[in-house]
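Trainee: Please take me through one part of this model in detail. I would like to look at the cavities and what surrounds them.

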Amino acid sequence: MAKTEYNNISREYKASKLLGFRKYIEEYTLFQLLGNLKGKKVLDLACGEGIYTRKIMEAGASAAVGVDLSEGMIKLAQEEEKKNPLGCTYLVNDAARLEKLDEFDIVVASYLLNYATKREELSLFAQAIYKNLKKGGLFIGFNNNPSDHTDSDTTYRKYHFTKKCPKGTGEGAPVVYTFYNADGTVFQLENYLLSRQLHTEVFKSEGFASFDWVRPILAPEGLKHYAPNYWDEFLAKKPVYGIRATK
């Protein structure tokens with residue numbers, strides 16, 4: 001998605017982080033995969049308004065650097081850092097063209113890889129991640145599930161989003177997400193489908209020792225705040241998936 005589009009919806013996107021699946025599945029899965037962050041240097045690619053960059057720092061990281069293509073998103077992140085200083089650093093940069101900033105223990109990216117429309121673009125993301133990881137370092141991601149092709153107005157609408165593949169399900173086909181925020185705002189994002197196999201091939205070809213898809217995990221607190229069986233369709237279809245790779 002173009003930078004200017006994210007600039008236009010930066011505040012709506014920030015509001016979407018308050019949706020239930022974001023907190024009780026997306027965030028929970030991400031931090032289960034991240035593990036103990038104490039003393040770790042972490043690079044957060046596609047950091048958006050910095051919500052996870054801040055949470056990473058609060059979890060004990062020694063350094064957290066957030067990078068995003070959108071000036072609007074980084075402005076929101078910097079505004080929050082100014083109000084509540086944690087020591088996070090934010091940079092406007094294109095993850096596909098990112099040079100080595102440092103040797104990080106962990107690189108994390110939520111909804112970055114699904115903006116690649118073809119193998120070559122996915123390779124650029126993988127290269128940027130690889131060059132910023134120390135030897136033995138960890139890449140953790142959270143992404144669109146490329147195996148979930150359901151046009152889902154009924155399946156996911158109760159979770160406050162829909163997901164459609166209007167032009168089929170081939171490599172590079174668009175996936176349109178529509179979000180319905182609690183404050184009444186509605187906005188769309190366009191991701192792209194690239195197969196699981198292609199992801200694995202690309203990361204292995206760029207030198208990663210491993211690349212694995214991880215099923216989304218529901219936080220125990222998520223069961224307390226919603227009706228019985230509320231999450232069943234989400235966990236059965238798995239519209240999103242975690243990623244874990246090692247250098």
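Mentor: A residue counts as lining a cavity if it has an atom within 4 Å of one of the cavity's grid points. Keep in mind that this is a predicted model. The structure holds three cavities of 30 Å³ or more.

Start with the largest cavity. Its volume is about 120 Å³. It has 14 lining residues, and those closest to its centre are Arg 22, Tyr 111, Tyr 177, Phe 179 and Leu 189. By class, the lining divides into ten nonpolar, two polar and two charged residues. Helix H3 (20–34), E7 and E8 each give two or more residues to this lining. H3 gives the most, with three.

Now the strands. E7 and E8 belong to an open, antiparallel sheet of three strands, in the order E6-E7-E8. Strand E6 (161–164) and strand E8 (186–192) are the edges, each pairing on one side only. On average, neighbouring strands are turned by 20° against each other, direction ignored. Four bridges join E6 to strand E7 (residues 174–180). In one of these strand contacts, Phe 161 has Phe 179 of E7 as its bridge partner. Phe 179 is also among the residues closest to the centre of the largest cavity.

Next, the second largest cavity. Its volume is about 80 Å³. The lining consists of Tyr 13, Lys 17, Asp 44, Ala 46, Cys 47, Gly 48, Ile 51, Tyr 52, Ser 110 and Tyr 111. These residues divide into six nonpolar, two polar and two charged.

Terms used
Residues numbered from 1 in each chain as written. Predicted model: local features only at pLDDT ≥ 70, side-chain atom pairs only at ≥ 80, totals over all residues. Heavy atoms only, no water. Pairing = 2+ DSSP bridges. Axes fitted to C-alpha atoms, helices over the stretch in contact; angles between N-to-C directions. 1 Å grid on protein atoms, 1.4 Å probe; cavity = no way out; pocket = protein on both sides within 12 Å on 5 of 7 lines; lining within 4 Å. Points joined across faces, edges and corners; volume = space filled by probe spheres on them. Nonpolar A, V, L, I, M, F, W, Y, C, P; charged D, E, K, R; others polar.
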